[in-house]
Amino acid sequence: MSTSYAYYPGCSLHGASKEFDMSVKAVFGKLGIELDEMEDWICCGATPAHAVNPDLALALSARNLSIACSMHKDVAVPCAACFNRMKTTAKHLDEDAALRTKINAMADADYTGGVQVKHVLTILKEAGDEAISKAVTRKLEGLKVACYYGCLLLRPPKITQFDDPENPTIMESIVKLTGAEAVDWNFKTECCGATHSVPRTDIVLKLVNDILGDAKSHGAEALVVACPLCQINLDMRQAEVEKKYGVSYKMPILYFSQIVGLAMGATPAEVGLNKLVTPADALFSKVA
Amino acid sequence: MKIEDTDRNTEFIKEIESLSGEKIAMCYQCGKCSAGCPIAYEMNELPDKIMRLAQLGMKEELLSSTTPWLCASCEMCSTRCPQEVEIPRVMEAIRAISVREGRQRTGKDVNIFYDTFINNIKTFGRSFEPMMVARFNLSSRKLFKDMKNGMKLFTKGKIGLLPDKPKGMDQIRKIYDRANAEEK
Ligand code: SF4
Ligand code: SF4
């Protein structure tokens with residue numbers, strides 16, 4: 001197993017989702033897995049580039065893959081959207097040499113193939129339950145969370161090859177090692193409508209209300225997520241949802257790496273707990 | 001409505017198939033896609049009906065439907081489809097044809113959002129959220145939309161005032177120009 005990865009933070013982690021970046025680095029630091037940030041990575045284009053011009057989407061990711069290639073490392077990606085785009089591109093370019101030549105020319109890139117694109121959850125899981133348990137210094141007993149996967153990590157399963165698309169369990173298995181309880185619930189693979197967040201806010205509010213409502217009714221005190229788009233949607237839109245539907249959730253939306261980091265002895269500041277819109281401090285003062 | 005076989009716009013079917021890479025006839029109308037679609041509640045035509053309309057080559061009905069613009073590309077339908085039809089690719093194809101024929105009124109805001117996002121990364125190489133939302137609001141004439149949420153993120157130190165640009169912006173712009181030239 002490679003213990004040093006070409007790290008692709010992506011735009012969200014350098015922008016509105018800094019705490020994901022901070023907490024991933026904290027956790028990987030505790031486990032001794034090196035994240036070597038790619039120099040001059042560019043935006044992967046996310047859903048819009050793909051929706052408007054598929055070649056452009058391939059070219060943007062090809063450029064990033066080419067950087068990893070020159071580093072002779074596999075790629076570690078925290079953002080579910082970037083992971084999905086980059087893995088899609090790697091698969092297409094690895095399987096089709098003619099396409100690879102065309103896209104390389106378009107992107108001024110030199111991707112020769114064979115780079116593995118891994119989501120940070122997969123890397124964490126591969127580090128092994130034993131290594132994770134050993135690094136846990138503070139058990140989060142009494143904390144009940146719902147693990148939420150959303151779309152982009154799981155689907156399409158033929159591309160992402162991430163986990164069982166109908167009943168993924170990787171996050172639950174990691175969360176349990178921290179001593180927290182992962183509740184059984186119904187909405188862990190549902191879409192939160194992230195792409196519609198700006199243009200069609202009404203759709204997002206309904207989907208977010210369905211997700212939070214189900215988590216709450218199954219006893220969750222917080223949601224644990226692995227996607228910056230989901231996190232922002234569920235966190236930032238929560239107050240609007242509460243107002244529109246006359247409900248109260250006050251449900252913190254944590255990155256899995258924040259909860260794992262805290263269990264491994266990182267401070268709340270180190271995992272950027274104060275950056276969440278819905279405060280999570282009360283949750284952890286209870287278990288501290 | 002009575003549909004004669006001669007009403008089938010076979011050119012249009014071929015166009016959808018070539019843009020989406022999907023074989024439209026594969027769909028056997030089981031309805032599983034619609035059963036799991038999270039946006040179904042908002043759609044006037046459900047995903048299985050879009051597939052049926054496509055099989056029948058009913059261009060007018062498809063281009064005036066809001067469904068392709070509401071699809072969030074969440075891939076729930078395609079993950080479950082027993083015939084492995086990539087329904088979101090079909091939705092994309094219909095959107096692309098609407099745009100080309102100047103018919104995108106039905107999904108105007110979604111379209112403006114996509115364009116705004118892409119221009120944003122073309123300018124900065126990386127996505128700079130405040131500028132993107134501001135430009136979206138300008139183009140869609142919703143000037144103060146999401147101002148409050150933006151302030152929330154700003155006060156949390158989550159968004160800055162200046163974009164974070166990679167080196168080699170000239171080259172990045174070249175990628176866009178080449179990809180656009182290919183499109184035409
Ligand atoms: S799930 Fe597939 S086969 Fe069934 S109706 Fe939808 S597209 Fe057709
Ligand atoms: S991809 Fe589109 S049509 Fe399919 S389930 Fe998701 S929103 Fe519905």
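I looked up how α5(A) and α6(A) lie relative to each other in this predicted model, and noted that the two helices are oblique to each other. The axes of α5 (residues 80–95) and α6 (residues 97–107) of chain A come within 5 Å and cross at roughly 120°; I call this oblique because 65 to 115 degrees would count as roughly perpendicular and over 145 as roughly antiparallel.

I then listed the residues that make this contact: on the α5(A) side they are His92(A), Leu93(A), Asp94(A) and Glu95(A), and these meet Ala97(A), Leu99(A), Arg100(A) and Ile103(A) of α6(A). Sorted by class, the residues of the contact between α5(A) and α6(A) come to four nonpolar, one polar and three charged.

The buried residues run from Phe256(A), Ser257(A), Gln258(A) and Ile259(A) through Val260(A), Gly261(A) and Leu262(A) to Ala263(A). Following α14(A) I noted Gly265(A), which has a positive phi, near 95°.

Last, I went to chain B and ligand 2, and asked which of the 13 residues around this ligand come nearest. I noted Cys37(B), Cys71(B), Cys74(B), Glu75(B) and Cys77(B). Two helices of chain B, α6 (76–80) and α7 (87–100), each supply at least two residues of the shell around ligand 2. By class, I recorded 11 nonpolar residues in this shell, with one polar and one charged.

Definitions and conventions. Residues are numbered from 1 along each chain as its sequence is written. Chains are lettered from A and ligands numbered from 1 in the order in which they are written. This is a predicted model: local features need pLDDT of at least 70, side-chain atom pairs count only at pLDDT 80 or more; totals for chains, interfaces and linings use all residues. Side-chain values use heavy atoms; hydrogens and water are left out. Buried means under 20% relative accessible area, exposed over 50%, partly exposed in between (1.4 Å probe, protein chains only). Helices (H or I, at least four residues) and strands (E, at least two) are DSSP runs, numbered from the N terminus. A residue is near a molecule or strand if one of its heavy atoms lies within 4 Å of it. Ala, Val, Leu, Ile, Met, Phe, Trp, Tyr, Cys and Pro count as nonpolar, Asp, Glu, Lys and Arg as charged, and the others, Gly among them, as polar. Axes are lines fitted to C-alpha atoms, for helices over the stretch in contact, and angles run from 0 to 180 degrees between N-to-C directions. Angles under 35 degrees count as roughly parallel, over 145 as roughly antiparallel, 65 to 115 as roughly perpendicular and the rest as oblique. Contact means heavy atoms within 4.5 Å.
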